[in-house]
Amino acid sequence: MRKKNMVLQSIAVEDYAAEGKALSRLDGKVIFIEGAVPGDVVDVRLSKNKKEWAEGKAVHFQSLSKDRVDPFCQHFGICGGCKWQMLPYEKQLLYKQQEVTQNLKRIGKVALPEMEPILGCEQTSRYRNKLEFTFSNKRYLTTEEISAGAELKQEDALGFHVPRLFDKIIDIETCHLMEEPANAIKNTIRAFAKEQGYTFYDIREHKGWLRTLIIRVVTTGEVMVNVCFGYEDAKERKKLFDHLLEQVPSITTLLYTINPKKNDTIYDLEPKAYTGNGYIMEKLEDLRFKIGPKSFFQTNTRQGERLYQVTREFAELTGKETVYDLYCGTGSIGLFVSRLAKKIIGVEVVKEAIDDARENAALNDIGHAEFFAGDVIDICDDAFFSHHGKPDVIITDPPRAGMHEKLVQKILDMEAPLVVYVSCNPATQARDLSRLGEKYEVTRVRPVDMFPQTHHIENVVQLKLKK
C-alpha cells in the first residue's frame, strides 16, 4: 500500500542513511526514519510513501538501541538543533565518516584514496560562537502540555523556531550550544521584557517591538550582543539596555538594529553601538580577526582552526605559490595559509565580506594578500591572470549548494596543479568532484566535524592535476 499517514509497526532500524535520518527495509522497500537510531525497534508514521521508498517519523518505540545515551538538554526532541544527543559521540563520528564515503562513491563516482580518519571535536557542547534567538508572541505548546490541559492562550517566547512551523517559537531556558553568558543574556532580557510589558514580535501581523537577539561569545572572552527591534523607542531601549548591562557586566559591546522589514535579515540594515566599539576580536592561531555584527566567521572557532590546519596541510605550500582563495568570505582561510604562500588572491561576491578581509589582512600585517569583490567567473579572465599570475593552488569553500558549473569549468580552464575543496555538504561536493574528474584526481580526503550533536559534516578534499 502507498498511503501516507499510515503507521508501520515494529520496524527494526538497521543503519544510518543521511541528513540525520535512520534507515530500514520492509519487503525490499527502503524506509527513511526521523528520530530513530540503528538498533531501535519503532512504529513509524509515514509522511511520504513512494513505490520504492518511504519516509516517516518514529512515533512509538517498541525497544531502544543499546547505543542510546540520555540527552543532556531539556529541549531535546522539540528544538530543531542538536538532534543527535541520543547518540554517543563516537557513533556520531562513525556515521558522519560513513556519509562522506557513501556520497563520494555513489554521487562522485571518482577513484578515491583511502579515507583519512574524521577529525572530531574536543568540545562537544558549548562550541558555537554565534547564536540567534527569535522573540515571538506565540510560544509553542508541546504535545505533553496540551495533553495535560494547558490553557491554549497566546504567550510570549524567546528561543528557536519549531521545525517546519515559521510562526511558532520554542521558549528556550538553557541552550548548551554556547558558553556563558549567553543564557544569562537571553534570560535577563526575556524576564525584564515581560516585567515591563514589552511587545514580542508577531510574525504573521508584522507587529511588535522585540524581534531578534544575536549573541557572539568568542574564545578571547569578548561578548557581542545585537538586539533587533521592530521600531525605535529610545527611552525603553535605554531602560532595557541599562538593566542588561547591570545584570551581565561581561558584555563587551552592545548594539541595536531597527528592522521595520518583513524579514529578519540584518545585512541590508545598519546596527548601531549602544556601548563598546561595535565589534569583537577573535583569534585563529596567532592571527587576529575583527568581527562586526554583520561579519561571517566560522561558528566553531576552535574546530574552525583545525579545519584550516587540514586545509593548509592539503595545500602543500612551500612559500613559492600563488594561492587563489575562491568564496573567500572575510578572508580567513587565505590569511590562515598566507605565511606559507608567496601571494594570496581572494575572490568573494559579497562586497562587505571583502572589506572585512582587507581589514583583517591589514590588522595582521599581511601585505601579500589581495581581495576582490565580484563573481569568480567574471573576475578571473586572461587580463587578471596576466596581472596577478595564474594560481599554483586553488582553495574553494562554497556554500551548501556547491560550485556553479561555470566555476567548475573555470577551475578546469585554470589548470592549477593543486586544488583544495572545503565543503559543508559532501553530496554537492561529490557532484563537483565528478565534474572536476575530467582533469583532476582525488589524492586526499579528510572529514572534519564542526557541529557535534548534529548530522552536519565538513569535508576537505585534495585534488591534483592528472599527469
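1. **The strand 8 hairpin.** Arg-164 takes a positive phi near 70° in the hairpin of strand 8 and strand 9, which has two residues between the strands. Strands here are DSSP runs of E with at least two residues, helices are runs of H or I with at least four, and both are numbered from the N terminus. Four bridges join strand 8 to strand 9 (residues 165-171), and the two run antiparallel. Two strands pair if DSSP finds at least two bridges between them. Gly-159 stands opposite Asp-171 in strand 9.

2. **Basis of the note.** This is a predicted model: local features need pLDDT of at least 70, side-chain atom pairs count only at pLDDT 80 or more, and totals for chains, interfaces and linings use all residues. Residues are numbered from 1 along each chain as its sequence is written, and side-chain values use heavy atoms, with hydrogens and water left out.

3. Ser-136 has Ala-157 of strand 8 as its bridge partner. Five of the six residues of strand 8 are buried, so the strand is largely enclosed by the rest of the structure. Buried means under 20% relative accessible area, exposed means over 50%, and partly exposed lies in between (1.4 Å probe, protein chains only).

4. **Asp-156.** Asp-156 sits in the loop between helix 2 (143-147) and strand 8 (157-162). Asp-156 is partly exposed, at 24% relative accessible area. Leaving aside neighbours within four places in sequence, its contacts include Ser-136, Asp-171 and Tyr-198. Contact means heavy atoms within 4.5 Å. Met-403 is 247 residues from Asp-156 in sequence and 41 Å from it in space, C-alpha to C-alpha.

5. **Salt bridges across the sequence.** The whole structure has 24 salt bridges. Each is a side-chain nitrogen of Lys or Arg within 4 Å of a carboxyl oxygen of Asp or Glu. Asp-449 bridges to Lys-96, with the closest N and O atoms 2.6 Å apart. Asp-449 lies in the loop between strand 21 (440-448) and strand 22 (458-465), and Lys-96 in helix 1 (residues 89-108), so the pair ties together parts that are 353 residues apart in sequence. Asp-449 is buried at 0% relative accessibility. Lys-96 is buried too, with a relative accessible area of 0%.

6. Asp-268 and Lys-261 meet at 2.8 Å, N to O. Asp-268 is exposed at 54%, whereas Lys-261 is buried at 18%. Glu-316 and Lys-464 meet at 3.2 Å, N to O. Glu-316 is in the loop between helix 5 (301-315) and strand 16 (322-326) and Lys-464 is in strand 22, so this pair links parts that are 148 residues apart in sequence. Glu-316 is partly exposed at 39%, and Lys-464 is partly exposed at 28%. Elsewhere, salt bridges that share partners join Lys-66, Asp-67 and Lys-91 into one network.

7. **A buried lysine without a partner.** Lys-410 is in helix 10 (residues 405-414). Lys-410 is buried yet has no salt bridge. The nearest side chain of opposite charge is that of Asp-413, 5.7 Å away. Lys and Arg count as positive, Asp and Glu as negative; His and the chain ends are not counted. Beyond neighbours within four places in sequence, Lys-410 contacts Val-376, Ile-377 and Cys-380.

8. **Cysteines.** The structure holds zero disulfides. Cys-121 is in none, and the nearest cysteine sulfur, that of Cys-82, is 12 Å away. A disulfide requires two cysteine sulfur atoms within 2.5 Å. Cys-121 is buried at 9% relative accessibility. The sulfur of Cys-228 is 18 Å from the closest cysteine sulfur, in Cys-175, too far for a bond. Cys-228 is buried at 1%.

9. **Aromatic pairs.** There are 17 aromatic pairs. Rings of Phe, Tyr and Trp (its six-membered ring) pair if their centres lie within 6.5 Å; planes under 30 degrees apart count as stacked, over 60 as edge-to-face, and the rest as tilted. The ring centres of Phe-192 and Tyr-198 are 6.2 Å apart and the planes are at 65°, so the pair is edge-to-face. Both residues are buried. Tyr-308 and Phe-336 are also edge-to-face, with centres 5.6 Å apart and planes at 65°. Ring pairs link Phe-192, Tyr-198, Trp-209, Phe-229, Phe-241, Tyr-256 and Tyr-274 into a cluster.
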